[in-house]
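Work through these exercises with the structure open beside you. Try each task before you read its solution.

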Amino acid sequence: MNARDAIKLSIDSADMIAMGYLNDLSDKDLLQRPCLGCNHINWQVGHLVAAEHKMMEQVAPGAMPKLPDGFDIKYSKETATVDDPKKLCAKAELLQLAKQQREGTLKALAKTSEADLDKPTGIDYAPTVGAVYAMQGTHWLMHVGQWAVVRRQLGRKPLF
């Protein structure tokens, strides 16, 4: 196994967990907050999609599928308190966009040489190209812990 294979394995594992948590949740469920002051799942997924696009464009310019106009604004820090579903994307659209971005990430990863994974990025939380790729799985996992809480609030049994 090489570094690209290990990064892809990590991303794929995060996908399996994240999509497992989202699979049986409704659009309404995605608007439930785990506690006061926390972001609901809809906003978190939109944030994750926008963040993946932005991070990957920094290390693989032009590799990522375009997001809908205004998507990054719709899911910015300033909109984290929005609860109106009319101002957000539906679950189906979010998951389709997530899938498209992930496909872009994995295609870019496959084209990245082992040596290029060590190149510096200037990003404090992901100082190398390899760290930016690895962040795509771990960033999703950082958020799914809150989704597990929402699932329990909704009466769902633990999945993992």
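Predicted model: local features only at pLDDT ≥ 70, side-chain atom pairs only at ≥ 80, totals over all residues.

Residues are numbered from 1 along each chain as its sequence is written, and side-chain values use heavy atoms, with hydrogens and water left out.

**Exercise 1. Describe how helix 1 packs against helix 5.**

Step 1. Two packed helices are described by the angle between their axes and the distance between the axes. Axes are lines fitted to C-alpha atoms, for helices over the stretch in contact, and angles run from 0 to 180 degrees between N-to-C directions. Helices (H or I, at least four residues) are DSSP runs, numbered from the N terminus.

Step 2. Read the values. The axes of helix 1 and helix 5 are 9 Å apart, at an angle of about 20°.

Step 3. Name the arrangement. Angles under 35 degrees count as roughly parallel, over 145 as roughly antiparallel, 65 to 115 as roughly perpendicular and the rest as oblique. Helix 1 and helix 5 are therefore roughly parallel.

Step 4. Look at the contact (heavy atoms within 4.5 Å).

Step 5. Sort the contact residues. Ala, Val, Leu, Ile, Met, Phe, Trp, Tyr, Cys and Pro count as nonpolar, Asp, Glu, Lys and Arg as charged, and the others, Gly among them, as polar. The contact of helix 1 with helix 5 has 15 nonpolar, 4 polar and 1 charged.

**Exercise 2. Do the analysis for helix 4 and helix 5.**

Step 1. Helix 4 brings Ala98, Arg102, Thr105, Ala108 and Leu109 to the contact, and helix 5 brings Tyr133, Gln136 and Trp140. The division is 5 nonpolar, 2 polar and 1 charged.

**Exercise 3. Classify the aromatic pair of Tyr21 and Phe160.**

Step 1. Rings of Phe, Tyr and Trp (its six-membered ring) pair if their centres lie within 6.5 Å; planes under 30 degrees apart count as stacked, over 60 as edge-to-face and the rest as tilted. The whole structure has 3 such pairs.

Step 2. Tyr21 and Phe160 are 5.3 Å apart centre to centre, with 85° between the planes: edge-to-face.

Step 3. Tyr21 lies in helix 1 and Phe160 in the segment after helix 5, so the pair ties together parts 139 residues apart in sequence.

Step 4. Check accessibility. Buried means under 20% relative accessible area, exposed over 50%, partly exposed in between (1.4 Å probe, protein chains only). Tyr21, at 11%, is buried, whereas Phe160, at 52%, is exposed.

**Exercise 4. Is Asp15 buried or exposed, and which residues does Asp15 touch?**

Step 1. Asp15 lies in helix 1.

Step 2. Its relative accessibility is 19%, so Asp15 counts as buried.

Step 3. Not counting residues up to four places away in sequence, Asp15 touches Gly20 and Arg102.

Technical notes
Helix = DSSP H or I, 4+ residues; strand = E, 2+ residues; numbered from the N terminus.
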